[in-house]
Amino acid sequence: MEDQKLKKIMYVLAAVAVVLAGVLAYIWYDKYTVEKELESEKADLIGQLNTLNDDYASLSSDYEDVNLQLDSSRLEVQLLIEKLTKTEATNRAKIRQYERELGTLRTVMRGYVKQIDSLHSLNKQLTADAAEARREAAENRRRSEELSKTVEDLSGQVAAGAVIKARGLRAEAYNASNKVTDRSSRVKYLLATLNLVENDLAEKGPVTVYIRVKDPEGILLLNGTQKAFEYNGETMICSASREVDYQGSEVELGIYLNDIPEYAKGIYTVEAFTSQTFLGTTELMLR
């Protein structure tokens with residue numbers, strides 16, 4: 001009788017052991033399955049972060065401040081990958097936190113993409129506007145240059161037309177009796193005559209006419225009363241000069257050269273100027 005009770009107890013204990021073993025096996029299998037799923041989720045999350053890291057690496061901008069922001073976000077992604085790699089898959093709280101950070105970084109990246117696209121479009125528009133502005137500026141410069149050239153040509157024509165001109169330049173030698181002579185030994189003074197021609201465009205007012213008389217050796221005749229004048233930016237010395245009031249009408253004038261000690265035989269050259277123009281040249285033969 002005792003043996004039967006003992007057998008029953010053993011059977012019950014064996015049954016309980018079998019049930020416990022089944023329960024333990026189920027718990028272990030369930031834990032193993034969960035861990036595998038968590039490992040898979042972790043690996044998938046790391047893969048998503050690596051993809052996001054590659055996406056950030058492919059982004060670039062022509063603007064320094066945007067590039068600085070991109071560098072900061074790239075560093076955040078890399079640090080998150082490092083932290084996730086070191087975190088146990090069973091630490092669900094951390095894994096879920098990293099998932100939220102991944103979502104935030106994706107949202108930030110979409111903002112960067114939109115911002116870069118917007119800046120790129122703006123840059124293209126600004127480039128096009130700048131090109132158009134340069135084209136218009138070049139066209140305006142061309143027109144301005146053409147206008148300036150036209151004005152310069154017209155100014156040149158007006159300036160050329162406003163120059164006082166002369167005609168009939170002539171030189172004669174006179175003796176002590178105020179008669180014309182060609183004998184060098186009898187010359188008392190020289191007289192250069194000319195006419196300033198009519199010109200309504202010329203400036204009205206006092207005009208000084210200068211003569212330069214050179215002897216047969218090319219030496220300028222001077223009597224101590226000579227003057228200096230400017231012509232074409234060069235300072236020149238005259239043998240004699242005379243100022244007349246020019247009002248646009250023709251003016252006849254004579255310029256005397258006195259007090260030259262002696263005259264040599266040969267050809268004398270007489271040149272006439274104003275400070276603005278060369279009026280002409282003539283020659284005088286003395287024997």
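## Ground rules

Residues are numbered from 1 along each chain as its sequence is written. In this predicted model, local features need pLDDT of at least 70, side-chain atom pairs count only at pLDDT 80 or more, totals for chains, interfaces and linings use all residues, and side-chain values use heavy atoms, with hydrogens and water left out.

## An open sheet

Start with β1, β2 and β7. Strands are DSSP runs of E, at least two residues long, numbered from the N terminus. These 3 strands form an open sheet in the order β1-β2-β7, and the pairing is antiparallel. Two strands pair if DSSP finds at least two bridges between them. β1 and β7 are the edge strands, as each pairs on one side only. From one strand to the next, the twist averages 15°; axes are lines fitted to C-alpha atoms, and angles run from 0 to 180 degrees between N-to-C directions.

β2 and β7 are joined in the antiparallel sense over 7 bridges. Leu194 stands opposite Leu253 in β7. Leu196 faces Val251 in β7. β7 is mostly covered, with 5 of its 7 residues buried. Buried means under 20% relative accessible area, with a 1.4 Å probe and protein chains only.

## Thr193 in β2

Where is Thr193 found? Thr193 sits in strand β2, which spans residues 189-196. Thr193 counts as buried because its relative accessibility is 17%. Thr193 touches Gly168, Leu169, Arg170, Leu253 and Gly254, leaving aside residues up to four places away in sequence. Contact means heavy atoms within 4.5 Å.

## A strand hairpin

β8 and β9 run antiparallel, joined by 8 bridges. A hairpin links β8 to β9 through 4 residues. Phe273 stands opposite Phe278 in β9.

## Two nonpolar cores

A nonpolar core is a set of buried Ala, Val, Leu, Ile, Met, Phe, Trp, Tyr and Cys residues joined through side-chain atoms within 4.5 Å. The largest has 30 residues; Leu190, Leu196, Ile211, Val213 and Tyr263 touch the most other members. Elements giving two or more residues to this core are β1 (166-174), β2, β3 (205-214), β6 (240-246), β7 (251-257), β8 (266-273) and β9 (278-286). Apart from this core lies another, of 20 residues, among them Leu45, Val66, Leu80 and Ile95. In soluble globular proteins, nonpolar side chains tend to be buried together.

Which residues does Tyr263 touch, not counting residues up to four places away in sequence? They are Ser184, Val187, Tyr189, Leu190, Leu221, Leu257, Tyr268 and Leu286.

Methods: Buried means under 20% relative accessible area, exposed over 50%, partly exposed in between (1.4 Å probe, protein chains only).
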